[in-house]
Amino acid sequence: MSLPLRTVEVAGVYARPGVEPPLGPSRLHLQDGRIARIEPLAQLPPEARHRIALPAPCNAHDHGRGLRTLAFGACDQSLELWLPALAREPKVDPYLRAAVGFARMAEGGVALANHCHNTQDGRALLQEAEAVSRAARDVGVRIAFAVPFAGRNSVVYGPLEPLLAHLPHGDHERLRRMRQPTRTLAENLALVEAIAALEHEGFQVQYGPVGPQWVDDEAMAAIARASADSGRRVHMHLFETQRQRRWADAEYKGGLLGHLDAIGLLSPRLTLAHAVWLDEADCALLAERGVTVSANVSSNLRLRSGMPAFGRWLDAGLRFGLGLDGMSLDDDEDMLRETRLAWHQLQASDRQDRFQPAQLFQALCVDGRRSIVGEDGGGVLQTGAPADMLVLDTQQIVRDRIAPDAPELLELVLARATKAHIHQLWVRGRCIVSDAACASVDLPSLEAALLDDARARHAAEPPDAPAIARLQRALRMHLGCC
Ligand SMILES: [Zn+2]
């Protein structure tokens, strides 16, 4: 599709933030999804006086849920206790679910995102993917859709029986059924091909083994082979919690990562979400294999997972992006706030002062991006690069600065910018957010429709809250956490 020429005037262009000083007043010409030209301006329109352009932020790990987890009563707590509460989510229209999720992300500054699909109906995944593909096109964000593969250790890592000992007999059959995979490996691999037929410039397919504890060795090896053959990327949760790490250490005597390496899964095509509990050797191996990880700081706080060992990542030269995981600190999908939180945490764990704004923007705009669309020359504002760009209005951000040049504007942006300061978000030369509101779809109407749908479904098919509470109680006893 050919897009018309659009122009954007700004007071500064941060082509590579932190790496090189910004260009002064400029007019960016955007055509056919790319930056056609950056023209210096002698005279800037007054309304552009405080506007700056930055490469577009990328959300390296998310689930694209239109309903926030708190909205349906999955309250923040340890991941293993929180997961059963996700069963409270009403089955809603998959288009509304994705469109609201993506439009909120766009308002949060996200131009590209990894979407790890949480299936609502295991037998209707293709229809759900079609709705997600349509939502990505309508909203205008670029989405990598990870097709979920799972088949073991649902409910609890390892055998189910010790957990059942803490539950009434009436619950046993239901939990045994939850341990049964919904789809076979062959069905899942065929689904990847079917969903690939839905691909467009804003929607690409990835293999999505949900996590090593939930995917059997045969499926994992098949995914590694299929990724090598097809060149498609793989996106997987890894070592989000210490319990997952302990499970893996007990299960794989030679080490889980050594096993994943032996089957060929560790490659530049792989992204690992969380990776909170990596040790030094893991970091070195992943860096050597060119794997990207996604840091999800807010999510790790809210789900009591611990903090990523950023110091180790930096020691090993492990590259990483930043992800919201549907769990931003203020539940507002604000990618700029998430970036600030990661920035402070990184600074705190980097005792050698190696981590500078240049590396932060490399994670946010370049390495996270690579985990979504691969190498495409994006993440930088220059002629010929994809026209994916964030324009911030910095008037409020600089309002109390005593001197005009100190601190530097980028320092203030890192310290203060939120989604409220977004003047525009451009994706592939299309303006999808204008004055902090999604411009491509009518988000308030979509949200209202989603909530109506969710409330109606909740009333018609309420979740079995007592059963979920019994399971959480049993898990607490089984895991010894209370
Ligand atoms: Zn996740």
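This is a predicted model: local features need pLDDT of at least 70, side-chain atom pairs count only at pLDDT 80 or more; totals for chains, interfaces and linings use all residues.
Good morning. In strand β7, the bridge partner of D62 is H115.

Residues are numbered from 1 along each chain as its sequence is written, and side-chain values use heavy atoms, with hydrogens and water left out.

Two strands are said to pair if DSSP finds at least two bridges between them. Buried means under 20% relative accessible area, exposed means over 50%, and partly exposed lies in between, with a 1.4 Å probe and protein chains only.

Let us look at β7, residues 112-116. Strand β6, residues 58-62, runs parallel to β7 and is joined to it by three bridges. Strand β8, residues 142-149, also pairs with β7 in the parallel sense, over five bridges. Within that pairing, C116 stands opposite A146 of β8.

How many of the residues of β7 are buried? Five of its five are, so the strand is described as mostly covered. In a regular strand the side chains alternate between the two faces of the sheet. In β7, L112, N114 and C116 lie on one side, A113 and H115 lie on the other, and all are buried. The strand also belongs to a right-handed β-α-β unit, made by β7, helix α3 (residues 125-139) and β8. Right-handed means that, with the strands pointing away from the viewer, the path from the first strand over the helix to the second runs clockwise.

I turn now to the metal site. Which residues coordinate the zinc ion? They are H61, H63 and H237, each through NE2, and D325 through OD, at 2.1 to 2.4 Å. Donors are N, O and S atoms within 2.8 Å of the metal, or 3.2 Å for Na, K and Ca; water is not among the atoms, so sites may look incomplete. In sequence, the donor residues follow the spacing H-x1-H-x173-H-x87-D.

Why is the arrangement called irregular? The four donor atoms subtend angles of 83 to 170 degrees around the zinc ion, which makes it so. For reference, four donors count as tetrahedral if all angles lie between 85 and 135 degrees; four count as square planar and six as octahedral if opposite donors are over 155 degrees apart and all others between 65 and 115; anything else is irregular.

Next, the sheet that contains β14. Six strands form an open sheet with mixed pairing, in the order β2-β5-β14-β15-β16-β17. Its edge strands are β2 (12-13) and β17 (437-438), each of which pairs on one side only. Strand β15, residues 422-427, runs antiparallel to β14, with four bridges between them. In that pairing, W426 of β15 is the bridge partner of M389.

Strand β5 (residues 51-55) contains I52, which counts as buried because its relative accessibility is 3%. Contact means heavy atoms within 4.5 Å. Leaving aside neighbours within four places in sequence, I52 is in contact with residues including V10, Y14, L390, L392 and L409.

V398 is in the loop between β14 and α15, and at 13% relative accessibility V398 counts as buried. Again leaving aside neighbours within four places in sequence, V398 is in contact with H50, L409 and L412.

I close with some backbone details. The peptide bond from A406 to P407 is cis, with omega near -5 degrees, and P407 lies in the loop between β14 (389-393) and α15 (409-416). Two residues other than glycine have positive phi: V155, near 80 degrees, and E333, near 55 degrees. V155 is in the loop between β8 and α4 (161-164) and is partly exposed, at 21% relative accessible area. E333 is in the loop between β13 (319-322) and α13 (335-349), and at 9% relative accessibility E333 counts as buried. Thank you.

How values were computed: Helices (H or I, at least four residues) and strands (E, at least two) are DSSP runs, numbered from the N terminus.
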